[in-house]
Amino acid sequence: MRRLTGLMLVLGLVLGACGGTGASEETTATTAAETTTTAAETTTTAAETTTTSEAEPDEPLVLYSGRNEKFVQPVIDSFTAETGIEVDVRYAGTGELATTLTAEGESTPADVFWAQDPAFIGGIAKQGLLTELPSDVLALVEPRYADDDGRWVGITGRSRVLVYNTDLVSTDELPASVFDLVEPEWNGRFGVAPTNGSFVAFVTGMVLAEGEERTLEWLQGIAANDPVIFDGNGPIVDAVVAGDLEAGLVNHYYLLQRIAQLGDVPAANHFFPSGDPGGLVMAAGAGVLASSDQPEAAAEFIRHLLSSESQAHFLTLFEYPLIAGVGGPEGQLPLAELPTLDISLTDTADTLEPALRLIAEAGLT
Amino acid sequence: MTTTENIAISMRGIERWFGDTPALVGMDLDVPTGSLMTLLGPSGSGKTTALRLIAGFDRPDRGSIEIGGQTVVSPDVFVPAERRRVGMVFQDYALFPHLTVGRNVGYGVEKKQRRERVAQVLDLVGLTGKAERLPHELSGGEQQRVALARALAPDPGVILLDEPFSNLDAALRARVRDEVAEILRRSGSTAIFVTHDQEEALSLSDVVAVMHDGRVVQAGSPAELYHFPADTWVASFLGDADFLPGRATDGKVATAAGTFPSHHDGAVTVMIRPESVMLRPVPDGAAVVRKREFFGHDQLVTVGLPDGSALRARLGPTPLLELGDHVEISVEAASTFPGKQPN
Amino acid sequence: MATVTPPTVITTPKPSVRKRRRASAVLWAAAIAVTVPGAAPIVHLLWTVVRPGGFDAGGIPTARLVELFASTALLVVTVTVTALALGTTTAWLTTRTDLAGRGMWSMLVSLPLVIPSYVGALAMLGASGNGGVVSLALAEIGLPKLGVFNGFWAAWGALSLWNFSYVHLIATPSLQRMDPTLEEASRGLGASRRRTLSAVVLPQLRPALLSSSLLVALYVISDFGAVSLLRYETFTRAIYTQFRGRLDITPSLFLSGILVLGALVLVIAEQRNRGRASLAARRATRPPERVALRGGARVAGYGFLATLVTAALILPLVTLVWWAGRGVALGNTFDPVWTEASRSAGVALVAAMVTACAAIPVAILTVRHPSRSARLLESISWSAYSLPHLAVGLGFLVLSIRYAPAVYQTVMLLVVAYVAMFLPQALAATQAGLRQVGPSLEEASRSLGSGSLATLRRITLPLVWRSIVAGGALVFLTVMKELPATLLLRPTGFETLAVRIWSASSELFYTQASVAALVLVGISAVPLYLLVTRDLHR
């Protein structure tokens, strides 16, 4: 009985908070009026609270991050330690965040967008949602790893590779070109993540280098060659490492991270030669939203991402630092010696729409 | 006719529709102060609807209701249930299962007087000492008395009882009925019972109002109704009755069962209750025993009359009649209605 | 004296049921206020499809829609049939046979509900393949390893295993309450046990089976996490693919609208069927007869229950524990999930309390003042619940960006979405409670001088309190597990357990995902245990 009374008290509080919603029939006019007033007051209070928190001068910087938490969090911690500026991070896929930013438009709460690839951030820049970065920030990175109009800058570099299981695939079997994957000998043996941002970005590069027609042909050939479809790169590499899958199209660093974690594994990265769209080196770029109410802090954050300290952290995760003087991943080719493709990363924004359309047309989404 | 001061409840022209279905159509009723009245009718006659309108649980589509001289329902007035001072005893008792007997009874009483009043009312219903029990720990008859005590406790002007005895078994019912009537009389309350049980209505109340198809068809003392029903429907609803056709002239009507006085001339129907019929076995009697149902304390004998119609007689356990015996009929009382009745 | 009126000639039959009363404007206003927000995103999604030119805006080839429809339908049908078979069998074994430990078994086959299907899928991935727990165990004893669970069979298995408990929970009380005299009558008329089962028992179970199959079917349509992890293409997964791959939200809204239309068809079909099926309600006077299982049948009964419990409960938990432990052994540091746990539990608690209290006016309105409009309001409140939550989340996302930017990405919007989606869970519980409290109790209180608010406080709420709490507990459990709407609507930086599990498992960070999943399962187990013991012992 007593316990029930206690519980009733709690419920009473909840009911009170809801503004007395449970009135039965024939409630007198007075009660109704009172109820309405209470509800109105509650609303006012809530609105005031919202306003107050928004008007806070040193509100946290909002980062939309397409990079994962392991990659991002340490540099945020050091940024906050140095500047005292808090950062709230929304972690999600680059594509998800790009769609969200497009839907939000000018009203986005985000200050900084950090993408996994040049195409999606280029798409956001093309919509006029990014502001031009300060020249000292742009000066830190080679121009080919930044937007031609200075609206985003590459933070790290990563190469597309074919990861393969060394027990299941012999080196002489490896394809000379990414175009060889449509051959019958690769039927059912490899994995792709066609809806993942880095695959999409790779296709934007292929459209630039080879044209829409050839790209569609390749995509259809891939789709017809019974590939194993994944959502992301990590699971492909895990499947290859475990021997559940023979090979897969991924970024270079996933395997290196697994090796660092697990020691020697029966897998290796296969680089496609220069000029082959399979070997595109992409920049994972970041930019400041035009609607940001603290652009200086946002630019400061990007400056911090390009500090040698942050870049050294990215190196531990085997991505290529893009500022000079930090070096490259141990045991890997230096950035300058990676196979190259003669396209402008800025232009990938223009081929994003066709790339997405072609992927869909080939039945890969 | 009673004056207004002596009327506890007055209903005028009450109509209540549920969608396209009428429940009450022009119901009028006056309940004398201090009386025990029964609303009697078959199921669907509108009696429970009427009770709920008086209690204020429902609102009529048309008509007005006064309680104790104060208008509680009219086109512009609606006094909610909680301000009508009307006590209600429900068919299922509706005892609050989470409250003790004492708290149930004290529910409608002001805090100051609660303790004293609860003791007083529990004493009235003979449940002293059970105040700390929970309702489910009591017997059916005790629950009934708690429900009554709870309704009486706030000292309402009127007590309404909706089929209050229907949940009790037959053996208990008669006793509880007497107790309740006794308690109500002692407390001086005006009470309205709703029931479909004729015996209950006739034995319990001062006034019986018979309802049929959404209105009161006759109201009066139990004996009045039984002996002088307003029509053949009331006559057969209140008890067994046989109807014999006849043609009246000069205030008399001759039927196969004898000649009776009549207020109407022309085609009439004579109502005869089996209790008013006496049978005497005589070898040359005009009527013949056709059927015999023996109940122990009495028997119901059906005899065939010379014109082929049948008449029932309720007799004591004797005489023992056999099928085919010839009997002589005498009828103590009969009433006549104008017109030829169906059947 | 009393007035005498002549006999009347009215022959219309009178209603014998209790009459409805008028509901006050305040009650209506409250009920509408808590119901309508949930309908807004649905209306918006439907509008994106049916508006002029809407059908073309998706830019998705019709052939692709047909393909998605077929793959979704295949999964819906197979999972629903499997879950019905599994759940009815467990319910029958634990109520109508003489197997030992029926109460314990009943509890064990209900517990898989603490495992959200995406956690189940994660465990399936972690158990299979060359590196999986089960594979390693099999290799240990010289058996071949399992292939990776993915595609149709894996999705079918996962959704069946982690949904059949709904059927069990709904069918059990029906089997318990069934009047045994009907079965005896059937046997007495010479029908065999088998014929009695098919001709008498199953038809009586029809309403329960229908509503639980609708529940399962809607879950399958709505499922996003499990099919994504197990890589089986359904409509819901395609919505997400469109969302993340198009830089434009319109195609995903378009697909959502189409999916909502499809789900609506199912809901309406079930309601029509239920109308015809609900007459079978009879109250039992005695407990049902139990079948004595002997020999092989008895072994098979225990074997069935044990296999199911192993597959749906023990294996996934063992897998999660193994991965968590292995990560720790390898020196992996996994992030502390206590912040996420307290966020998940906190927001679930708030959502549960608000939902439980929002359900009260709707319950009073629908139970005490039934009318066509009240029924309509109730149907509206069911819309956001029955329809895919990814779609509902997208609807809320767009609407709030466009019309309520102040609440966009706030906990408030998240709670509003939860209330909109899970109101029916609290509503159903509160309605059941109210139906058990006869209206005469409230009328008695009114006639004793208490007004409607006082009656609510003194009589109604104390009596339905337990039902309200039960409804709240169910909402708590569901909110804890909810994934897609949380992903879309959570405030920035507000990572919950579900979000954490999702992001870790889509990268196959088993250790991180497992730790968070175990915490989620642990917290969910408390309300589920309370609910299940309450449901099964009633």
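Okay, housekeeping. This is a predicted model, where local features need pLDDT of at least 70, side-chain atom pairs count only at pLDDT 80 or more, and totals for chains, interfaces and linings use all residues. Residues are numbered from 1 along each chain as its sequence is written, chains are lettered from A and ligands numbered from 1 in the order written, and side-chain values use heavy atoms, with hydrogens and water left out.

So, the helices (DSSP runs of H or I, at least four residues, numbered from the N terminus). In chain A, α5, residues 118-126, packs on α7, residues 197-210, at about 80°, axes 7 Å apart. Axes here are lines fitted to C-alpha atoms over the stretch in contact, and angles run from 0 to 180 degrees between N-to-C directions. That makes α5(A) and α7(A) roughly perpendicular, a label covering 65 to 115 degrees. Who touches whom? Pro118(A), Ala119(A) and Phe120(A) meet Gly197(A), Val200(A), Ala201(A) and Thr204(A), with contact meaning heavy atoms within 4.5 Å.

Now the interface. Chain A puts 62 residues in contact with 61 of chain C. Together they bury about 5,300 Å², 58% of it on carbon and sulfur atoms; that's accessible area (1.4 Å probe) lost on being put together, summed over both parts. How many salt bridges are there between chain A and chain C? Two, counting a Lys or Arg side-chain nitrogen within 4 Å of an Asp or Glu carboxyl oxygen. One salt bridge joins the side chains of Glu69(A) and Arg500(C), at 2.3 Å, N to O. On the chain A side, helix α4, residues 94-104, gives the most, with eight residues.

Conventions:
Helix = DSSP H or I, 4+ residues; strand = E, 2+ residues; numbered from the N terminus. Parallel < 35°, antiparallel > 145°, perpendicular 65-115°, else oblique. Buried area = accessible area lost by both parts, 1.4 Å probe.
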